[in-house]
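Please open the model in your viewer and keep the selection tool at hand. The tour below moves from one selection to the next and says what is to be found at each stop.

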Amino acid sequence: MPATAPTLKSLVRRVWRGLNRPAVAVLLESENLLVHTPGAGAVWPRGSRQAVAWYVVGPAGDVVDVELVTMDGTQSRTKAVLATGIETHHTGVTVTVPDLAPGRYLVLVTSTTGTLDAYSQPVTLSA
């Protein structure tokens, strides 16, 4: 049986619950993207398949890329591109974890137009 898209009411309810957690509270504009998977404490073994999922608030017309990044001060440095050309209304993708050095990374979901960017909680890559 095919998966059904969440209703607007259920999506708003999930976003509202997420926003009521202090660690993820943000000011919403007319269009926002919130990454909810991977969550805090996630450990990804290299070569494994992992889910990346997000919520979209507002129009869902953008296309996003999913990257694995490190932070250098306030600048993100792309270490691997995990997926490209994903329509935001799909609200997630399964990716293969690349063979990178073990350590802490962030997943960046970014629109190709540059209007939406969202980072995950830190992810630890393991051997």
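Begin with the salt bridges, of which there are 2 when a salt bridge is taken as a side-chain nitrogen of Lys or Arg within 4 Å of a carboxyl oxygen of Asp or Glu. This is a predicted model, in which local features need pLDDT of at least 70 and side-chain atom pairs count only at pLDDT 80 or more, while totals for chains, interfaces and linings use all residues. Residues are numbered from 1 along each chain as its sequence is written, and side-chain values use heavy atoms, with hydrogens and water left out.

Select Arg46 and Asp99, which form a salt bridge whose closest N and O atoms are 3.0 Å apart. This pair links distant parts of the chain, since Arg46 lies in the loop between β2 and β3 and Asp99 in the loop between β6 and β7, 53 residues apart. Strands here are DSSP runs (E, at least two residues), numbered from the N terminus. Is Arg46 buried, partly exposed or exposed? Arg46 counts as partly exposed because its relative accessibility is 29%, where buried means under 20% relative accessible area, exposed over 50% and partly exposed in between, with a 1.4 Å probe and protein chains only. Asp99, at 66% relative accessibility, counts as exposed.

Next select Arg77 and Asp72, the partners of a salt bridge with closest N and O atoms 3.1 Å apart. Arg77 is partly exposed, with a relative accessible area of 41%, and Asp72 is partly exposed as well, at 45%.

Now turn to the strands. Three of them, in the order β1-β3-β6, form an open sheet with antiparallel pairing, two strands being paired if DSSP finds at least two bridges between them. β1 (32–37) and β6 (92–96) stand at the edges with a single partner strand each, so one side of each is left without a neighbour in the sheet. Neighbouring strands of this sheet are turned by 30° against each other on average, direction ignored, the axes being lines fitted to C-alpha atoms and angles running from 0 to 180 degrees between N-to-C directions. Between β1 and strand β3 (residues 49–57) there are 5 bridges in the antiparallel sense, and Thr37 has Ala53 in β3 as its bridge partner.

Stay in strand β3 and select Gln50. The side chain of Gln50 makes a polar contact with the side chain of Trp44 at 3.4 Å; a polar contact is a pair of N or O atoms within 3.5 Å, and within protein one must be able to donate a hydrogen and the other to accept it, while residues adjacent in sequence count only if both atoms are side-chain atoms.

Move on to strand β9 (residues 123–126), where Val123 and Leu125 make up the covered face and Thr124 and Ser126 the uncovered one. Strand β2 (residues 42–45) pairs with β9 in the parallel sense over 4 bridges, whereas strand β7 (residues 103–111) and β9 run antiparallel and are joined by 3 bridges.

Finish with the largest nonpolar core, which has 25 residues, those with the most contacts inside it being Trp44, Val52, Trp54, Val66, Leu68 and Val109. Such a core is a set of buried Ala, Val, Leu, Ile, Met, Phe, Trp, Tyr and Cys residues joined through side-chain atoms within 4.5 Å. β5 (75–87) gives the most to this core, with 4 residues.
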